[in-house]
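Please examine the sequence and structure before reading each solution.

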Amino acid sequence: MTSEISPSISNHISLLKESFLLAAARGGRLLECQSLLELGADTEFSNDENGDTPLLAACRNDHRTVVSLLLAHGDLTGIGFCVD
């Protein structure tokens, strides 16, 4: 028996991390965002109807601490929107 995770399961896990990060950023849940980033969630992921990334979702909802966290992790996607 092998301990490796199949590629399809690994891809599914990655998709869940990114989806959860987007939702956590939209809701301003800082600790959840920190945990997901530590697990390697992609800060530039977008899967919703607005095309929002976690950074844009946090900006739209005025979650400044989450915005700062995402910027510290290198997410510059949509930075123009956040500073306008």
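**Exercise 1.** Determine which residues Ala 25 touches, not counting residues up to four places away in sequence.

Solution. Taking contact as heavy atoms within 4.5 Å, one finds that Ala 25 touches Cys 33, Pro 54, Ala 57, Ala 58, His 63, Val 66 and Leu 70. The model is predicted, so local features need pLDDT of at least 70 and side-chain atom pairs count only at pLDDT 80 or more, while totals for chains, interfaces and linings use all residues. Residues are numbered from 1 along each chain as its sequence is written, and side-chain values use heavy atoms, with hydrogens and water left out.

**Exercise 2.** State how H2 and H4 are oriented to each other, and identify the residues that make the contact.

Solution. Helices are DSSP runs (H or I, at least four residues), numbered from the N terminus. Step one: H2 and H4 pack at an angle of about 15°, with axes 10 Å apart; axes are lines fitted to C-alpha atoms over the stretch in contact, and angles run from 0 to 180 degrees between N-to-C directions. Step two: angles under 35 degrees count as roughly parallel, and H2 and H4 are therefore roughly parallel to each other. Step three: H2 contributes Leu 30, Cys 33, Gln 34 and Leu 37 to the contact, and H4 contributes Thr 65, Val 66, Leu 69 and Leu 70.

**Exercise 3.** Locate Asp 62 and describe its phi.

Solution. Asp 62 lies in the loop between H3 and H4. The phi of Asp 62 is near 55°, a positive value in a residue other than glycine.

Key:
Helix = DSSP H or I, 4+ residues; strand = E, 2+ residues; numbered from the N terminus. Parallel < 35°, antiparallel > 145°, perpendicular 65-115°, else oblique.
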